[in-house]
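The report below covers domains, core, chain contacts and the DNA-facing surface. The sequence and structure come first.

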There are 2 protein chains.
Amino acid sequence: MPQVSERTIGRLSLYRRLLDEMRAGGVMYAYSHQLAAMAAVSAAQVRRDLMVIGYSGSPSRGYDVWQLSQSIGVFLDAPVKQGIALAGLGNLGRAILSYFTGRRPNLAIVASFDNDARKVNRFIHGCPCYPSDQMGRIVEEMGIQTAIIAVPAGSAQAVADQLVRAGVKSMVNFAPTPLRVPPHVYVEETDITTTLEKVAYFARSGRLMEDSK
Amino acid sequence: MPQVSERTIGRLSLYRRLLDEMRAGGVMYAYSHQLAAMAAVSAAQVRRDLMVIGYSGSPSRGYDVWQLSQSIGVFLDAPVKQGIALAGLGNLGRAILSYFTGRRPNLAIVASFDNDARKVNRFIHGCPCYPSDQMGRIVEEMGIQTAIIAVPAGSAQAVADQLVRAGVKSMVNFAPTPLRVPPHVYVEETDITTTLEKVAYFARSGRLMEDSK
DNA sequence: TTCACACTGTGAAAACTGTCACAACTATTA
DNA sequence: TAATAGTTGTGACAGTTTTCACAGTGTGAA
C-alpha cells in the first residue's frame, strides 16, 4: 500500500464531486487545468494527486470525466456499504444529517444518538435516532467503524471513549476539544472556534495567497 | 512581520482556550508537555509555536497560565472589536451562532443574513438577522472584514462575490463548493462531505498515527 | 507524411512543517 | 556552597508536500 497522504485523499474526494457536476452538465472530457481551476489548486497538483489512483488521461483530450470519477471511486470507496454513526442531534448534528443524506450510495449515516426524549426513537432526515445509553451496543452490533461527534465539549471525550471501545476506527470531531484516542484511531478535528479565530487573524495580517488548501 | 504559518495560528488559538480552561480550574503554571497532552501534539511543537509570540516561560515552573494566555491574545486578537458576518441561518448557521456567541470579547458575529421571512428582522441568539439583499450595503457600512458562508452550495459563489465586493478580507466556507476569490482574500474551506469521505477512507486503510493535526 | 501544438506523467528541486537533541537556566536539595 | 533534576528555547535535521520543468505522446493541420 503506497500510503497516500491525508491531503491527497481530501482532494480526490473533491475532484470526484466536481467531475460528477461536470458530467451532470454534459461535459465529457476535462484537462487537469480545468479541474484545477474548479478545485482552486494548481494543475500540477491535480496530476500529482491522480497519480496515486493509476488512471491515465489522454494528452489530447484530457481525462474522461466519467471514467475518472469511477476510478476515484474504486480507490476511495468502501467495497461494501459502510455505515456511519452520528453522536448528537443538536443544530449541528441535524445540519450534518441534512447535508449528507443521499450523497454517496455506499456511505451513509445509519444511526444517530441523542438524549432528548423528543428525538429518541424517531426517524430524523430518514435516520433512526436512538438513546445515547445504547450507543455502544448498537454501534458494535452494526459493525460501525466511523463516527461523527457533534455533542457539547463537555461530553465529547466520554462519547469518543465509548465509540472507540465499541470498535470505531475513525472519527470527525466537531466539539471544541481535542480528543485523546489510541494510536490506531484516526481523528479529524473540525473546531469552528479555532477556525474562526484563524480566519479573523488572516483578515488583518492579510497574507497574499490564493485560497490555500 | 515573520509570516506565521496557518497551522501555528490555529494551534495558538487552541492553546489559549486550553490555558483559559486551566485557569478556570485554578491552575497557575503549565509545562509545555502538559499543554501538549491536552492539545494532542508534541511538546516540541508547543514550544516551537510559542516562539512566534515572544513569551518566555521559566525553566523550573513552566509557563504562567494567565500571562501566556494574555500574550497569545496580544498576538492573535484584533486591537479593536472585529465584527463577523454570517451568511445563511439554516441549521448550520444557527449551530455556528450558538457555538460562538460570547466566546471572545472582541470577536463576535454582529450581523447575519437570510432570505426566510420568518427569520429576517429579528434577533437570533442575540444577533440581528437582515434580509440577504441588503448584505452588501450592511457589511460595507459596518466595515466587516470577515465572513462565514453557511448557505447552500448553489448560492455560495454568488454570496462570496458580493462579500468580497463589500470589502471582506477573509472567509470560512461551509458550503460544499470551493470558492474562487481574488488573491488578497483568504478562504478556509470546511467541507463536511469531503471530510467525511476522508475519515471513512482512513477507517479502512487504517494508518498508524496519533490524531494528526 | 511531417510538423506543430497542447497536454500528460514524473524525476528533481524547492518550500514548508515537525522533530530531535542539547546548551542554558532555575529551583531544590544535600 | 555545589550538585542535581527537570525544564525552556533553538539550531540542525528529517520528513512531507508542492511546484518546476521537461521528455513523451496523441491529434489535427499542412
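Leaving aside its neighbours within four places in sequence, which residues is Ile149(A) in contact with? Ile149(A) is in contact with Ala87(A), Gly88(A), Ala156(A), Val159(A), Ala160(A), Met171(A), Val172(A), Asn173(A), Phe174(A) and Ala175(A). Two residues are in contact if their C-beta atoms, placed from the backbone, lie within 7 Å.

## Basis of the model

This is a predicted model, in which local features need pLDDT of at least 70 and side-chain atom pairs count only at pLDDT 80 or more, while totals for chains, interfaces and linings use all residues. Residues are numbered from 1 along each chain as its sequence is written, and chains are lettered from A and ligands numbered from 1 in the order in which they are written.

## Domains

Chain A is assigned domain 1 (6–76) and domain 2 (82–194); such bounds come from an automatic or database domain assignment. Taken over C-alpha atoms, the centres of these two domains of chain A are separated by 30 Å.

## Core

The largest nonpolar core has 128 residues. Such a core is a set of buried Ala, Val, Leu, Ile, Met, Phe, Trp, Tyr and Cys residues joined through C-beta atoms within 7 Å. Ala87(A), Ile149(A), Ala87(B) and Ile149(B) have the most contacts inside it.

Ile109(A) is found in strand S4 (residues 107–114) of chain A. Ile109(A) counts as buried because it has 24 C-beta neighbours inside 10 Å; the cut-off is 20 or more other C-beta atoms within 10 Å, with exposed meaning 12 or fewer and partly exposed in between, all C-beta atoms being placed from the backbone. Not counting residues up to four places away in sequence, Ile109(A) touches Ile84(A), Leu86(A), Leu97(A), Phe100(A) and Cys127(A).

## Contacts between chains A and B

In chain A, 64 residues are in contact with 63 residues of chain B. Elements of chain A that each supply at least two residues to this side include helix H1 (6–24), strand S3 (82–87) and helix H8 (192–204). H8(A) gives the most, with 13 residues. Helices (H or I, at least four residues) and strands (E, at least two) are DSSP runs, numbered from the N terminus.

The side of chain A that touches chain B divides into 32 nonpolar, 18 polar and 14 charged residues. Here Ala, Val, Leu, Ile, Met, Phe, Trp, Tyr, Cys and Pro count as nonpolar, Asp, Glu, Lys and Arg as charged, and the others, Gly among them, as polar.

## Surface near DNA strand D

Of the 23 residues around DNA strand D, Ser5(A), Pro59(A), Ser60(A), Ser56(B) and Pro59(B) come nearest. A residue is near a strand if its C-beta atom, placed from the backbone, lies within 6 Å of it. H3(B) gives the most to this surface, with 5 residues.
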